[in-house]
Amino acid sequence: MKRSALTLPIFLGLFMLACIPGLAQKKKNVSVTSPTFNPADRPKNLSDTALLELVQKQTFRYFWEFGHPVSGMARERSNEAYDYGNEVVTTGGTGFGVMAMIVAAERKWQPRDSVAERLLKMVKFLAKADHYHGVFPHWLNGATGKTIPFSRKDDGGDLVETSFLFQGLLCARQYFNGDTETERQLRNRINWLWNDVEWDWHTRDGQNVLYWHWSPNNGWSMDFELRGYNEALITYVLAASSPRYGISAAPYHKGWAMSNHFKNGKEFYDLILPLGFDYGGPLFFAHYSFVGLNPKGLKDRYADYWEQNVNHSLINYRYCVDNPKKFKGYGEDCWGLTASDTYNGYNAHSPTNDFGTITPTAALSSFPYTPQQSMKAVRHFYDDLGDKIWSEYGFVDAFNESQNWYAKSHLAIDQGPIIVMIENYRTGLLWNLFMSVPEVQMGLKKLDFQTPGTK
């Protein structure tokens, strides 16, 4: 699949999110949820607070109960698909799962020591798993730690997935600050992994840009430069933050920000979009880098990132309310376009790539940006559509009422941000943890970001 074959926002979503290995293959949409679970038995007449708590807690079961039994890492998805077997765990989705486990400890869904032990098991596994200059692959075998190729030449280090993983692990290092042996070991082992990531290796011999992939078998042949506005902002922040293998500011300003799809500045539905593709692209752009990186008050020479994410979310919402293609179900209480499973495979949905599929994570992970609109959506999803889309792991991945299609699948990269971003809306927990990381504060200053409390 060549970049020129797709518009770039669609390409980024498809490339990143598990569709390349057999996009045209039919998924075996086999649910692993318990046959005894009946969504019609879900609690009714919940208050807003109780509903959010239930959605978070139920979704957390994906990472806790369905986590891989050997590694503890997050499985890629809950259904068999693309003929890659049942052992696949995901590096980026595990990062989101780590953050979900912090929420579980804080809200006492699981004992703190049990969560710390699960995370310690995970980082011990990662220490022995395949890695490439300290960078982990997109997929690992959860039992053996061996690389599972994401595509034919993508069989090495994936810098973006690794950045999602460490966004979570650094939050865990900050949260588990106790003096128990388990928590001390956890912090130390996270530091060892963190200090071993050779972010600067991915400048490909000192170029002023980061590259997404490197493989010992295929070198730099994937040739994917991280430029423009998409989900990879966190990659540059962490690369600048590394105390041992950090990059200078030059790749950020001369690479990431130098692209014809970086600055925007146009209006869509009467809202100015500072950065990115027209209409904003899929909503995961506003989620993946910002589960830890707090956009409130975050500014650099290019944008105010709170304005960016709020307007991106509202444009997505207003497009769905406008519903120019007249898809069934769209409206003020049913919106949200992002990358997900769909009735004929997998796609990165957005206002410029819309086929009628609504993905619950899009609206629910936007809670900090659009609280009223997201609350209407979660009410509709749960109260009105719950018989079809509520499961023992929270909401299913997506649905398309025009096609009378309702997924039976769940994806780690979609489930995790629901828990974390609702928590950031409720308490700011993960934002506070991540922004307290001293290395991250250093990295943001290096890249010339302004954050609350800095000059």
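Helices are DSSP runs of H or I with at least four residues, numbered from the N terminus. In that numbering, Met442 belongs to helix 15, which covers residues 438–446. The model described here is predicted.

**Packing of helix 3 and helix 5**

- Two packed helices are described by the angle between their axes and the distance between the axes.
- For helix 3 (residues 91–106) and helix 5 (residues 159–175), the axes come within 6 Å of each other and cross at roughly 20°.
- Because angles under 35 degrees count as roughly parallel, helix 3 is described as roughly parallel to helix 5.
- The crossing of these two helices is left-handed.
- On the side of helix 3, the contact is formed by Thr91, Gly92, Gly93, Thr94, Gly95, Phe96, Val98, Met99, Ile102, Ala105 and Glu106.
- Helix 5 contributes Glu161, Thr162, Phe164, Leu165, Gln167, Gly168, Leu169, Cys171, Ala172 and Tyr175 to the contact.
- By residue class, the contact of helix 3 with helix 5 consists of 11 nonpolar, eight polar and two charged residues.

**Nonpolar cores**

- The largest nonpolar core contains 112 residues, and Phe176, Leu293 and Tyr305 have the most contacts inside it.
- Helix 5 supplies the largest share of this core, with 10 residues.
- Leaving aside residues up to four places away in sequence, Phe176 touches Ile102, Ala105, Arg112, Val115, Ala116, Leu119, Glu183, Leu186 and Arg187.

**Loop residues with positive phi**

- Asp270 is not a glycine, yet its phi is positive, at about 65°.
- Asp270 is placed in the loop that links strand 5 (263–268) and strand 6 (271–275).
- With a relative accessible area of 68%, Asp270 is exposed.
- Asn404, also not a glycine, has a positive phi of about 55°.
- The loop between strand 11 (399–400) and strand 12 (405–406) holds Asn404.
- Asn404 is exposed, its relative accessible area being 59%.

**Surroundings of Met442**

- Met442 has a relative accessibility of 38% and therefore counts as partly exposed.
- Ala240, Ser241 and Ser242 are touched by Met442, when residues up to four places away in sequence are not counted.
- Met442 and Arg118 are 324 residues apart along the chain, and their C-alpha atoms are separated by 30 Å.

Notes. Residues numbered from 1 in each chain as written. Predicted model: local features only at pLDDT ≥ 70, side-chain atom pairs only at ≥ 80, totals over all residues. Heavy atoms only, no water. Axes fitted to C-alpha atoms, helices over the stretch in contact; angles between N-to-C directions. Parallel < 35°, antiparallel > 145°, perpendicular 65-115°, else oblique. Left-handed = near helix turned anticlockwise from the far one by under 90°. Contact = heavy atoms within 4.5 Å. Nonpolar A, V, L, I, M, F, W, Y, C, P; charged D, E, K, R; others polar. Buried < 20%, exposed > 50% of the residue type's maximum accessible area, 1.4 Å probe, protein only. Core = buried A, V, L, I, M, F, W, Y, C linked by side-chain atoms within 4.5 Å.
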